[in-house]
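Work through the exercises below with the structure at hand. Each task is followed by a solution in steps.

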Amino acid sequence: SAPAAAPSAAASAGLSVTAGGTGGTASPQQPAAEPPAISMADAASVVASYSQVNNKANAAHSDSLLSTIEGGSSYTMDAGAYRFELGQSSQAAYVPFQLTGTAYYIPRLPQGSYPRWFAVKSTYVTVADGKNLGTAYVVFAQNAAGAPWQDVTEPDILPGQALPQIAADSSGYAQSVAPDAGGLDVAPGKIGQVTAEWLDQLAANKSDSVIKDESGNLTDLQDEVFWRSGQGGTPMNATDVHSAPAGQVFALKTTSGGALVFYTTDAQLTL
């Protein structure tokens with residue numbers, strides 16, 4: 001979400017408190033820094049455990065094991081993928097992966113507030129031969145004290161996309177942006193609905209080529225074209241409706257004064 005016309009509003013609205021002095025004592029003019037959502041060492045441990053358990057769950061198509069490390073849209077999509085794979089007449093051997101080149105974006109959050117969360121950007125590579133499987137962000141969240149840290153959303157980064165630079169304070173921690181933050185073209189908490197409305201307009205287009213050109217890697221739109229065009233046999237009446245579920249929205253301040261927002265939209269394809 002880009003900053004709105006007033007730079008002063010974009011620079012302050014909805015952001016966590018920035019760092020105080022390096023000595024740990026706040027001056028009257030500058031509040032003490034909020035603590036990071038998680039330490040760097042603990043965040044690295046979360047990511048390492050996630051990769052290990054995820055490979056085990058994927059190899060076994062285990063929803064129950066997967067649920068210990070994933071929640072939200074990540075769990076919904078991956079559990080659905082298990083069902084699809086188990087329905088195939090033949091299954092290829094599972095290829096384990098690992099996360100490499102991981103960059104950590106840990107925001108400062110008020111003490112005792114939940115969910116605690118942080119984001120990473122990683123490249124997925126196969127363990128056996130290092131084949132590049134693509135790059136994605138992953139957002140990990142902890143919903144309550146003592147609860148497990150789970151991957152709750154993991155948007156792919158499409159090839160050729162220019163990525164915004166995430167702002168960091170003097171200690172290297174990111175700055176969170178509140179869902180209702182002002183000073184932006186769209187508040188982070190409203191982007192899901194804006195996206196759903198745009199996708200509905202696209203899905204209603206009568207031109208299959210327009211939908212395919214604009215769909216990116218969104219399989220619901222590609223499936224709509226597949227079924228209504230007759231590629232799956234007899235052409236069917238296919239409609240695709242989108243919504244923004246009530247849920248967690250996570251946003252980080254960028255160096256431009258905008259925000260990089262992680263959120264979810266739902267799609268329902270009806271044949």
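**Exercise 1.** State which helices and strands each supply at least two residues of the lining of the second largest pocket.

Solution. The elements are α4 (72-86), β4 (150-153) and α5 (191-203). Helices (H or I, at least four residues) and strands (E, at least two) are DSSP runs, numbered from the N terminus. β4 gives the most, with 3 residues. The model is predicted: local features need pLDDT of at least 70 and side-chain atom pairs pLDDT 80 or more, while totals for chains, interfaces and linings use all residues. Residues are numbered from 1 along each chain as its sequence is written, and side-chain values use heavy atoms, with hydrogens and water left out.

**Exercise 2.** Find how the aromatic pair of F97 and Y124 is classed, and which strands hold the two rings.

Solution. Rings of Phe, Tyr and Trp (its six-membered ring) pair if their centres lie within 6.5 Å; planes under 30 degrees apart are stacked, over 60 edge-to-face, the rest tilted. The whole structure has 7 aromatic pairs. For F97 and Y124 the centres are 5.2 Å apart and the planes at 55°, so this pair is tilted. F97 is in strand β1 (residues 97-105) and Y124 in strand β2 (residues 116-126), 27 residues apart. Both residues are buried, that is, under 20% relative accessible area with a 1.4 Å probe, protein chains only.

**Exercise 3.** Class the pair of F118 and F140.

Solution. The centre-to-centre distance is 5.3 Å and the angle between the planes 20°, a stacked pair. F118 lies in strand β2 and F140 in strand β3 (residues 132-142), so the pair ties together parts 22 residues apart in sequence. F118 and F140 are buried.

Note on methods. Buried means under 20% relative accessible area, exposed over 50%, partly exposed in between (1.4 Å probe, protein chains only).
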